[in-house]
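Please read them beside the structure.

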Amino acid sequence: MEITYIQAINQALHEEMHRDENVFVMGEDVGELGGAFKATEGLLAAFGEERVIDTPIAEALIVGAGVGAAVLGMRPVVEMQFADFISCAFDQIVNMAATLRYRHGGRASCPMVIRAPSGAGVHGALFHSQNPEAWFTRVPGLKVVAPATVYDAKGLLKAAVRDDDPVIYFEHKRLYRSLKDDIPEGDFVVPIGVAELRQEGEELSIITYGGALNQCLDAARIVAKEDGLSVEVLDLRTLLPLDREAVLKTARKTGKVLVVHEDRLTGGFGGEVAALIAEHAFEDLDAPVRRLAALDAHTAFSPPLEEYILPNTNKIVDAIRSLAAY
Amino acid sequence: MPEAQTKTEAGAVAHRVEYELQLYNWMKLIRAFEERVSRLHRQNKIFGGVYSGAGQEAICTGICAPLQPGDFVAPLHRDLGVFLVRGVEPGRLMAQLMGKETGLSRGKDSFLHGGDLERGVFGSTSMLGSSLPVAVGAALKFRMKRENHIAVAFFGEGASSRGDVHEAMNFAGVRKLPVLFVCENNRYAYSTPLEKQMAIEDVADRAAAYGFAGHTVSGNDLLAVFDLTERVTRRIRAGGGPELIECKTYRFHGHSEHDAALYRDKDELVQWESRDPIPLYEFYLEKRGHDIKRIREEADARTHEILQAAVEFAEQSPYPKPEEALEDLYASPPAAGRRQAR
């Protein structure tokens, strides 16, 4: 049956809570309302108030209480209503949760998922458009995933719930209802730490993740048709730990790499990908690694401003052509 | 009065007497342990930050003694006593302070950041107050699983200014969770005195705003802390919701061993030294008819023995291997580059 990206998230939560009674959800408006985006819809009716916990507006509490329950064997799935608000819980994530196993000498676990609805392109402006993944991809002890398909939205969330470490799950808001797919019914997981080749190609590689994947695939179709270019598209799916082998494999294969993400350019995750390739696949490159990302500005509100800042299919097409011509 | 009942009462009294001596031994051990740690620090055998709780022993002892196995305790950096009273082996604790492989965190973090969850002691971070939301989460688990345990979170009056403390107390109040909040008010956040931290005198006053009871008690009076904690924890365990105990106290040392605490008034220190919790409790035991000289000597001999063994164990323990720096980050190594259909 065809379902949307957000239905996939909702299904994963239902199934995981049904499968394991230690799984519970907690966050702002996750109960009666079913979440600001309806990701937790129906959970209250199915599992009751003790496992579907509405909290005050208190992100540090939400993550911190998740840690406390997780170290005692629970598997909390906590929600940041918008990924933008995750900064309010920054200390609890990077200092409390991420260091927990380490500072307990390996004798404690923090099996927690932090769901973070991220991304721009929905006129959310400065504080409802952010892609804050790069703040976390340099923190040992965390895992960071960013599903770009309906299948992965479900499979990665299930994998995250079953993982014994804290996982930040960035779900892209623009994909919630725009993305539909017919995925298999029943239980499956998408392993954390494994990238996926979305399209094979010969002349150039695009490495991307999250909300930018479909724009990259559209751009690849356009240049295939109009320019006869054969473009490979690698979806990272997990940013931390990064599937280094997959990145280096595609770089070595085509010799030209374009890294695309919706997050800002400077300090964005694309820098890490580019550095990895420069360090380990330099001899195989036929051109400098190129990055296409949001401009180094806040995600402005007015449509012409937002469009100017964000990457889109046309900008990706231009970047492919320029790189192919190098 | 039937004979059997008299016997039971006599038994209870004997038990109480025994217990009161045990409390004394704990305070003595904590004080001696911390004095040893300060000395080892001066000798460069313990490096990094050392935060003495000297002067505050009655709090760790009085709060933790009435707790039960399975309760969750989140101590502060100054609460070495919590580890000891909860039953963490002194040797492992000393090894922790020396960065040894046998320490609680296997050399990963310094001082008291290594917890021992088997004994219900959660390792804190240096972001003071951040353990309070965690304790609230532990209490949520007890509630969900119908476990008759409570969570105890220590914080200073310094940390009471942090948002985490507000968020945790507010939510604990809303959900009536089994949490005991313990404020160790030692009047200084590093060098900043109470009057520059808050516009009120008692942190306990804030409890009312969260819908639960707040108590103040002399944190240097062991029996007062113990008796209050017994009453309060009984209510919390019975489902009465969170409560806050604010212990008024003073640290005899500076913020850390590097800090001469010159910002404090000498007279103030002398006044508080005269309220030292250990002689205060000895006075009580004497009033109870104990031969305090004998008890003190016995306690000193006992703690000396424990500490000798702990230091020996820690000094003989190996340092971790360098490459262990990359262990304990994750439960298991990341998945290898396995491919997956679709």
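1. Two residues are taken to be in contact here if their C-beta atoms, placed from the backbone, lie within 7 Å. On that basis, and bearing in mind that this is a predicted model, the contact between the chains takes 45 residues from chain A and 41 residues from chain B. Four helices of chain A each give two or more residues to the side that touches chain B, namely H3 (59–71), H4 (90–97), H5 (100–103) and H9 (244–254). Of these, H3(A) supplies the largest share, with 9 residues. By class, the side of chain A that touches chain B divides into 22 nonpolar, 13 polar and 10 charged residues.

2. Within chain A, the domain assignment gives domain 1 as residues 2–182 and domain 2 as residues 196–324, and the centres of the two domains, taken over C-alpha atoms, are separated by 26 Å. Their contact draws 25 residues from domain 1 of chain A and 20 residues from domain 2 of chain A. On the side of domain 1 that touches domain 2, the elements giving two or more residues are strand S6 (143–145), helix H6 (150–162) and strand S7 (167–172) of chain A, and the largest share, 3 residues, comes from S6(A). That side of domain 1 of chain A is made up of 13 nonpolar, 8 polar and 4 charged residues.

3. Chain A also holds an open sheet of 7 strands, in the order S3-S2-S4-S5-S7-S6-S12 and with mixed pairing. Its edge strands, each of which pairs on one side only, are S3 (52–54) and S12 (238–240) of chain A, and the twist from one strand to the next averages 20 degrees. Strands of a sheet pair through backbone hydrogen bonds, in either a parallel or an antiparallel sense. For strand S2 (residues 23–27) and strand S4 (residues 75–79) of chain A the sense is parallel, over 5 bridges, and A:Met26 has A:Val78 in S4(A) as its bridge partner.

4. How do H2(B) and H9(B) lie relative to each other, roughly parallel or roughly antiparallel? Helix H2 (residues 57–64) and helix H9 (residues 222–240) of chain B pack at an angle of about 30 degrees, with their axes 8 Å apart. Since angles under 35 degrees count as roughly parallel, these two helices, H2(B) and H9(B), are therefore roughly parallel to each other. The crossing in which H2(B) passes H9(B) is right-handed. H2(B) contributes B:Ala58, B:Ile59, B:Thr61, B:Gly62 and B:Ile63 to the contact, while H9(B) contributes B:Leu222, B:Val225, B:Phe226 and B:Thr229. Sorted by class, this contact of H2(B) with H9(B) has 6 nonpolar and 3 polar residues, and no charged residues.

5. Two backbone details deserve a look in the viewer. Most residues other than glycine have a negative phi, and most peptide bonds are trans. In chain A, however, a cis peptide bond joins A:Leu240 and A:Pro241, with omega at about 0 degrees, and A:Pro241 is placed in the loop between S12 and H9 of chain A. In chain B, B:Arg106 has a positive phi of about 55 degrees although it is not a glycine, and B:Arg106 is found in the loop between helix H4 (90–97) and helix H5 (131–144) of chain B.

Conventions
Residues numbered from 1 in each chain as written. Chains lettered and ligands numbered in written order. Predicted model: local features only at pLDDT ≥ 70, side-chain atom pairs only at ≥ 80, totals over all residues. Domains from an automatic or database assignment. Nonpolar A, V, L, I, M, F, W, Y, C, P; charged D, E, K, R; others polar. Axes fitted to C-alpha atoms, helices over the stretch in contact; angles between N-to-C directions. Parallel < 35°, antiparallel > 145°, perpendicular 65-115°, else oblique. Left-handed = near helix turned anticlockwise from the far one by under 90°. Pairing = 2+ DSSP bridges.
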